[in-house]
Amino acid sequence: HVVQLDADSTNGHQPADEAVERPRTLTLRWVGDALDTPAEEVPEIVRGLIAPGELTAVVAPRAVGKSWFAMNLAALLSEGEGLFLGRLPVQRQARTLIAQGELNEAMSRSRWGYLLGDKRPAGVAESFDRWRLRTVKRRTTARGDDGESWSDEWYDATIDPRLERTIVEGEFDVLVVDPWAVFFSGSENSNDEVEAALDKLRALSMTTGVAIVIVHHISKATDFREPEDLWRGATRLADWASTRVTILPHYKRENEWKAKGLTRQSARWHADVHFLRRGAPTDDFSIRWEPTTGWWNQWVPGDSDIDEGLVDRYSLNAEDVARACIDDGGWDSIRQAAGSLDVSFAQTRKAIARAVDRGLLVRGRGEHGAHTFRAPDTVPPGLDLGLERDEGPEPDPSDPGPDEPVDDDEFGRF
């Protein structure tokens, strides 16, 4: 007969008031019973990626677009149809809660507006509250019939009770934790602490049926056999996840993206997605982030037409901008100009600035203080719109412009 006395390390390892009787045997499930009464198969939410009650981990380097990944996912789940990343079928509509740990409210609002325009997604919510998944070291003191006693220590975890209540009351199907490091307060490098925290998330998932998507960063390691070897911290996160997604830059060396005529920024818009699943396998594929829409889509590397088209858009010049503005009869905002030119907001702003500086466009102020642009009464002599190439500096895609909040991320919109 063994009696356990539990104690929390924060209480000075003092014995608990009540003794806990240790179960004498393990809990068993007979295989015959399992075969006679199979569990009901629950359909996936996104085929090859997310299923109810499962944990999906999405891991990528900084500034590769993980937050856009999460927003794209939530927007499609709101519709209940479509191809996530241009490849993975959305099986049904689902309500999504995004725990935002890196973006503030202004930055997030700007991105949603950029991504969705006038659409208002149903069943998508964000929380900017910094709830925590905390670990605590506990001690058990056991005493046998012979009077001898011994102690055992282990890690346990606690989770903010508001999270479960929010999931239940909001009837959320998917929880996105972005990123893991903000909400997990234990040591990322401790397998014991990570395992204790994931055990709590599993219990939450089993209780509510919510699918959990954890967004995490890779390490700086360069020697690896599998993409999961690059994940930062303990290996338990990869071990526990039902679906492991590793997003890595497609262009890994400077000479590779320069050969394509890309900038360092635009090179990061091309990535390879690696999958490892416990269920039916999902094939790896490549994706590209479209700066004019904010969406990730499947991409075929080596397609010269696609890459050359991107290079053409990155090298937009002042004359092209002025000609397009004249053809449209003027623009009421930079965002309208970006839509007409089919390039990013930041690129449009830079090119417009050069056109204004050279007298090709006139800047004004419209409703709510937005910038407006029109053709000048006279074009400066010596300039041939649409023919003469602008030799000014290359646009800086990381500059978000004056009409939207500055993003603190390292690479502009990422």
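The structure is a predicted model, in which local features need pLDDT of at least 70, side-chain atom pairs count only at pLDDT 80 or more, and totals for chains, interfaces and linings use all residues. Residues are numbered from 1 along each chain as its sequence is written, and side-chain values use heavy atoms, with hydrogens and water left out.

**Helices α2 and α3**

- Helix α2 covers residues 66–79 and helix α3 covers residues 105–116; their axes come within 11 Å and cross at roughly 55 degrees.
- Helices here are DSSP runs (H or I, at least four residues), numbered from the N terminus.
- Axes are lines fitted to C-alpha atoms over the stretch in contact, with angles from 0 to 180 degrees between N-to-C directions.
- α2 and α3 are therefore oblique to each other (under 35 degrees is roughly parallel, over 145 roughly antiparallel, 65 to 115 roughly perpendicular, and the rest oblique).
- The crossing of α2 and α3 is right-handed, meaning that the near helix is turned clockwise from the far one by less than a right angle.
- Contact (heavy atoms within 4.5 Å) involves S67, W68, M71, N72, A74 and A75 of α2, together with S108, R111, W112, Y114, L115 and L116 of α3.
- By class, these residues are eight nonpolar, three polar and one charged. Ala, Val, Leu, Ile, Met, Phe, Trp, Tyr, Cys and Pro count as nonpolar, Asp, Glu, Lys and Arg as charged, and the others, Gly among them, as polar.

**Helices α4 and α6**

- The axes of α4 (residues 161–170) and α6 (residues 191–208) come within 11 Å, crossing at roughly 25 degrees.
- α4 is therefore roughly parallel to α6.
- α4 and α6 also make a right-handed crossing.
- L163, E164, I167 and V168 of α4 meet L204, T207 and T208 of α6.
- That contact has four nonpolar, two polar and one charged residues.

Definitions and conventions
Helices (H or I, at least four residues) and strands (E, at least two) are DSSP runs, numbered from the N terminus.
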